[in-house]
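Opening the notebook on a new chain today. I'll jot down what I look up as I go.

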Amino acid sequence: MAHWPNFASACLCGACGLLRSDVSRRGFLCTAGAAAAAAAAVAPVLVAGPTQAQPAPAVGGSSGRPILIKGGCVLTLDRAIGDFEEADVLIEGTKISAVRPSISVADAEIIDAASTIVMPGFVDTHRHMWQGILRNVLPDGSLDDYRALVQRTFGAKYTPDDAYAGDLFSALGAIDTGVTCILDWSHIQNTPEHTDACIKGLAESGVRAVFAYGSPQNETGRYWEMKGHKYPDDIARLRKQYFSSADQLMTLYMAGPTASPELILQAFKAARDVGARISIHVGVGEFGRNALLEKLHAQQALRSDTTYIHCCTLNDTEWKLIRDTGGTVSIASYVETLMGHGHPPIQKAIDTGIRPSLSVDVETSVPNDFFQQMRTVFSLQKNDVWARKLAGDKEPPKFLTVREVLEFATIEGARANGLEHKIGTLSPGKEADIILLRTDRLNVMPMNNAVGAVVTSMGPQNVDTVLIAGKVMKRNGQLVGVDFARLARLGEQARERLYSNAGVPRSRV
Ligand SMILES: [Zn+2]
């Protein structure tokens with residue numbers, strides 16, 4: 001069993017009642033009319049976060065009944081099962097129990113999936129979710145600008161309440177766009193209270209989160225000179241307090257610091273002492289040409305429990321070290337093209353024999369959805385191959401296919417997040433993290449090719465329904481149980497407080 005503190009009675013932000021209880025979610029399933037009627041009948045109550053973070057009941061939802069997603073075009077992305085022009089998905093408790101045409105279950109609650117594509121939710125392997133209240137603050141900035149404004153100006157002044165709001169906004173935004181699992185690369189651990197606040201925001205959202213415990217922020221960027229933080233050793237408390245069970249919606253990672261090899265090794269040790277996997281930025285810009293992975297390998301520190309982010313400027317030896325030690329890779333291609341990390345290493349990963357996962361990284365400059373991520377890696381890889389052909393290369397690499405890109409966005413994400421046994425495909429026995437994407441919308445109708453429609457043409461506006469661990473989080477295009485007026489107030493308050501504390505003049509135009 002998971003052990004979660006009672007966040008609803010220990011609210012940090014003063015915004016209790018932000019979300020409505022999800023107690024009646026399962027009653028909302030069938031039609032928009034029924035949903036509206038049911039919603040009106042449910043009195044707003046305190047946040048339901050802690051229950052969302054715990055495993056759902058063993059059978060069915062609040063009603064105890066199975067859920068049957070009926071008559072959709074089903075992309076399981078499980079190569080052994082294949083896809084279906086039309087099939088049903090049966091969910092019992094938190095898990096998928098069957099995927100095939102014409103399932104009939106007498107007492108199931110039905111989700112009509114006509115005119116939708118039913119597929120696994122997207123999996124993001126690296127996002128700095130504390131920045132959820134800093135969306136669009138840096139549309140024209142470089143990596144240096146990002147460090148100066150976001151990390152050393154705003155980050156240094158973040159309160160726990162700001163971190164809570166950022167994580168909550170980012171998580172709800174992810175669910176809204178069909179991202180059902182997300183690694184929160186959380187380098188805002190200025191105090192243990194910041195840590196608790198981030199975890200609280202994630203838990204309240206109901207997203208399947210991987211909390212990657214990271215370093216603090218201060219004005220100099222040298223966290224090791226700060227007082228008051230407990231990085232990296234506080235991960236031992238987190239393991240005990242929040243992550244004592246493997247059977248829960250949130251799991252624990254260490255976010256390795258951008259620091260000297262000695263400090264990195266210290267963080268790796270603290271992670272492994274408590275059995276936490278690791279994620280670390282490497283190969284970023286000129287600074288990333290420092291053969292860091294060779295140095296860490298000399299200390300036997302590279303293992304299969306680690307995800308390497310960006311990897312744009314790694315040398316060939318480092319790439320082989322990742323492969324040979326069984327590591328995974330996260331490419332944040334859109335931000336890499338914007339901010340000067342280096343060329344997104346899509347082809348390099350494939351040539352090395354590594355299937356990458358994808359990540360949004362920063363909402364300060366990057367849209368929060370995965371359609372953008374998929375299209376960026378797809379177009380960049382193809383453009384590189386075309387360029388080689390035009391330059392006379394007689395044996396250029398193969399073009400990526402849309403199906404490969406969709407796998408990067410789902411099962412490869414699950415692998416990098418250490419959850420491939422639980423999510424990433426619609427396979428019986430896996431947890432029911434499922435999205436329904438509408439095909440009767442003007443950007444894709446009439447639908448001719450399901451994988452092509454998802455990767456080349458769809459956007460967040462197609463995300464109709466989202467389930468996480470068998471729980472309906474979004475239905476008929478609307479997040480379930482979110483009080484938007486209260487959410488908006490929380491965001492406004494956090495932003496005003498942060499700009500004031502950081503001494504940044506605010507202009508929205
Ligand atoms: Zn990052």
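Predicted model: local features only at pLDDT ≥ 70, side-chain atom pairs only at ≥ 80, totals over all residues.

**Helix 4 against helix 16**

I started with a helix pair, and on the helix 4 side I listed Asp161, Asp162, Tyr164, Ala165, Leu168, Phe169 and Leu172, which meet Leu487, Leu490, Gly491, Ala494, Arg497 and Leu498 of helix 16. Sorted by class, this contact has 9 nonpolar, 1 polar and 3 charged residues.

Next I looked up the geometry. Two packed helices are described by the angle between their axes and the distance between the axes. Here the axes of helix 4 (residues 160-176) and helix 16 (residues 484-502) come within 10 Å, and they cross at roughly 135°. Angles over 145 degrees would count as roughly antiparallel and 65 to 115 as roughly perpendicular, so I put helix 4 and helix 16 down as oblique to each other. I noted the hand of the crossing as left-handed.

**The whole chain**

I stepped back for the totals. I get 16 helices and 17 strands in the chain. Of its 509 residues, 60% count as buried. How much of the contact list, at a separation of 6 or more, comes from residues 24 or more positions apart? The share is 75%.

I picked helix 15 (residues 450-457) next and found it mostly covered, with 6 of its 8 residues buried. The buried ones are Ala450, Val451, Gly452, Ala453, Val454 and Val455. What do these buried residues pack against? I wrote down strand 1 (67-75), strand 5 (116-120), strand 6 (122-127), helix 12 (370-390), helix 13 (402-408) and strand 14 (434-438).

The loop between strand 14 and helix 15 holds Pro446. I checked the peptide bond joining Met445 and Pro446, and it is cis, with omega about -5°.

**Another cis bond**

I also logged the bond from Tyr231 to Pro232 as cis, with omega near 0°. Pro232 sits in a loop too, between strand 8 (208-213) and helix 6 (235-241).

**Positive phi**

I placed Leu77 in the loop between strand 1 and strand 2 (83-92). Is Leu77 buried or exposed? At 6% relative accessibility, Leu77 counts as buried, since the cut-off for buried is under 20%.

Asn476 went on the list as well, as a residue other than glycine with phi near 50°. I found Asn476 in the loop between strand 16 (471-475) and strand 17 (478-479). With a relative accessible area of 29%, Asn476 is partly exposed.

**Two single residues**

I looked up Thr307, which is in strand 11 (residues 306-310). Thr307 counts as buried because its relative accessibility is 2%. Leaving out residues up to four places away in sequence, I have Thr307 touching Arg277, Ile278, Ser279, Ile280, Thr328, Val329, Ser330 and Ala416.

Last entry is Lys320, found in helix 9 (residues 316-324). Its relative accessibility is 44%, so Lys320 counts as partly exposed. I also checked Lys320 against Thr352: they are 32 residues apart along the chain, and their C-alpha atoms are separated by 6.9 Å.

Key. Residues numbered from 1 in each chain as written. Heavy atoms only, no water. Helix = DSSP H or I, 4+ residues; strand = E, 2+ residues; numbered from the N terminus. Buried < 20%, exposed > 50% of the residue type's maximum accessible area, 1.4 Å probe, protein only. Contact = heavy atoms within 4.5 Å. Axes fitted to C-alpha atoms, helices over the stretch in contact; angles between N-to-C directions. Parallel < 35°, antiparallel > 145°, perpendicular 65-115°, else oblique. Left-handed = near helix turned anticlockwise from the far one by under 90°. Nonpolar A, V, L, I, M, F, W, Y, C, P; charged D, E, K, R; others polar.
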